[in-house]
Amino acid sequence: KCSLECFVVAMAYMDRVTQRHPEIQVCGLTCHRLLAASLTLAAKFLEDVHYSNKYYSHICGMQLQELNNLERAMMAMLRAELVVKPEEFEAYRRVLTQVGGRCLS
């Protein structure tokens with residue numbers, strides 16, 4: 001289970017990657033993979049206790065090797081910059097709250 005903070009941080013990671021790499025198109029073929037990789041990184045970065053990639057790959061409906069490759073690629077595209085500043089976090093939290101309603105309040 002990912003915390004609500006993980007979803008906010010994952011959104012920041014996806015936004016950073018797509019801004020730094022405009023050649024990455026967010027569409028039906030890529031959004032699932034971007035979300036899986038960003039949530040995996042966010043959970044590992046934020047949570048004291050997190051699941052294995054094997055578990056996350058099962059939940060995401062992909063092979064373990066694919067998730068491992070996606071995680072490595074995302075980490076490289078983020079230049080290992082995983083910290084999300086408080087003001088940045090709050091901006092993404094507000095966006096998710098507006099989109100998702102009260103579930104993130």
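Ile-59 has its place in helix α3, which spans residues 53-60. This is a predicted model. Two packed helices are described by the angle between their axes and the distance between the axes.

- Ile-59 counts as exposed, because its relative accessibility is 54% and the cut-off for exposed is over 50%.
- Glu-81 lies 22 residues from Ile-59 along the chain.
- The C-alpha atoms of Ile-59 and Glu-81 are separated by 26 Å.

**α3 against α4**

- Helices α3 and α4 pack at an angle of about 105°. Their axes are 9 Å apart.
- That angle makes α3 roughly perpendicular to α4, because angles of 65 to 115 degrees fall in that class.
- On the α3 side, the contact is made by Asn-53, Lys-54, Tyr-56 and Ser-57.
- On the α4 side, it is made by Leu-64, Leu-67, Asn-68 and Glu-71.
- The residues of this contact of α3 with α4 divide into 3 nonpolar, 3 polar and 2 charged.

**α2 against α4**

- Helix α4 also packs with α2, at an angle of about 75°. The axes of α2 and α4 are 9 Å apart.
- That makes α2 roughly perpendicular to α4.
- From α2, the residues in contact are Arg-33, Leu-34, Ala-36, Ala-37, Ser-38, Thr-40, Leu-41 and Lys-44.
- From α4, they are Glu-66, Leu-67, Leu-70, Glu-71, Met-74 and Met-75.
- By type, the residues of the contact of α2 with α4 are 8 nonpolar, 2 polar and 4 charged.

**Glu-71 in α4**

- Glu-71 sits in helix α4, residues 64-77.
- Glu-71 is part of the contact of α2 with α4. Glu-71 also takes part in the contact of α3 with α4.
- Glu-71 counts as buried, because its relative accessibility is 12% and buried means under 20%.
- The side chain of Glu-71 makes a polar contact with the side chain of Asn-53, at 2.7 Å.
- Leaving out residues up to four places away in sequence, Glu-71 touches Ala-37, Thr-40, Leu-41, Lys-44 and Asn-53.

**α1 against α2**

- Helix α1 covers residues 4-20, and helix α2 covers residues 31-46.
- The axes of α1 and α2 come within 8 Å and cross at roughly 125°.
- That makes α1 oblique to α2. The crossing is right-handed.
- In α1, the residues that meet α2 are Glu-5, Cys-6, Phe-7, Val-9, Ala-10, Tyr-13, Met-14 and Thr-18.
- In α2, their partners are Leu-34, Leu-35, Ser-38, Leu-39, Leu-41, Ala-42, Ala-43, Phe-45 and Leu-46.
- The residues of the contact of α1 with α2 divide into 14 nonpolar, 2 polar and 1 charged.

**The loop between α4 and α5**

- Arg-79 lies in the loop between α4 and α5, and α5 covers 86-100.
- Arg-79 is not a glycine, yet it has a positive phi of about 55°.
- Arg-79 counts as exposed, because its relative accessibility is 54%.
- Ala-80 is also placed in the loop between α4 and α5.
- Ala-80 has a positive phi of about 60°, although it is not a glycine.

Technical notes. Residues are numbered from 1 along each chain as its sequence is written. This is a predicted model: local features need pLDDT of at least 70, side-chain atom pairs count only at pLDDT 80 or more; totals for chains, interfaces and linings use all residues. Side-chain values use heavy atoms; hydrogens and water are left out. Axes are lines fitted to C-alpha atoms, for helices over the stretch in contact, and angles run from 0 to 180 degrees between N-to-C directions. Helices (H or I, at least four residues) and strands (E, at least two) are DSSP runs, numbered from the N terminus. Angles under 35 degrees count as roughly parallel, over 145 as roughly antiparallel, 65 to 115 as roughly perpendicular and the rest as oblique. A crossing is left-handed if the near helix is turned anticlockwise from the far one by less than a right angle, and right-handed if clockwise. Contact means heavy atoms within 4.5 Å. Ala, Val, Leu, Ile, Met, Phe, Trp, Tyr, Cys and Pro count as nonpolar, Asp, Glu, Lys and Arg as charged, and the others, Gly among them, as polar. Buried means under 20% relative accessible area, exposed over 50%, partly exposed in between (1.4 Å probe, protein chains only). A polar contact is a pair of N or O atoms within 3.5 Å; within protein, one must be able to donate a hydrogen and the other to accept it, and residues adjacent in sequence count only if both atoms are side-chain atoms.
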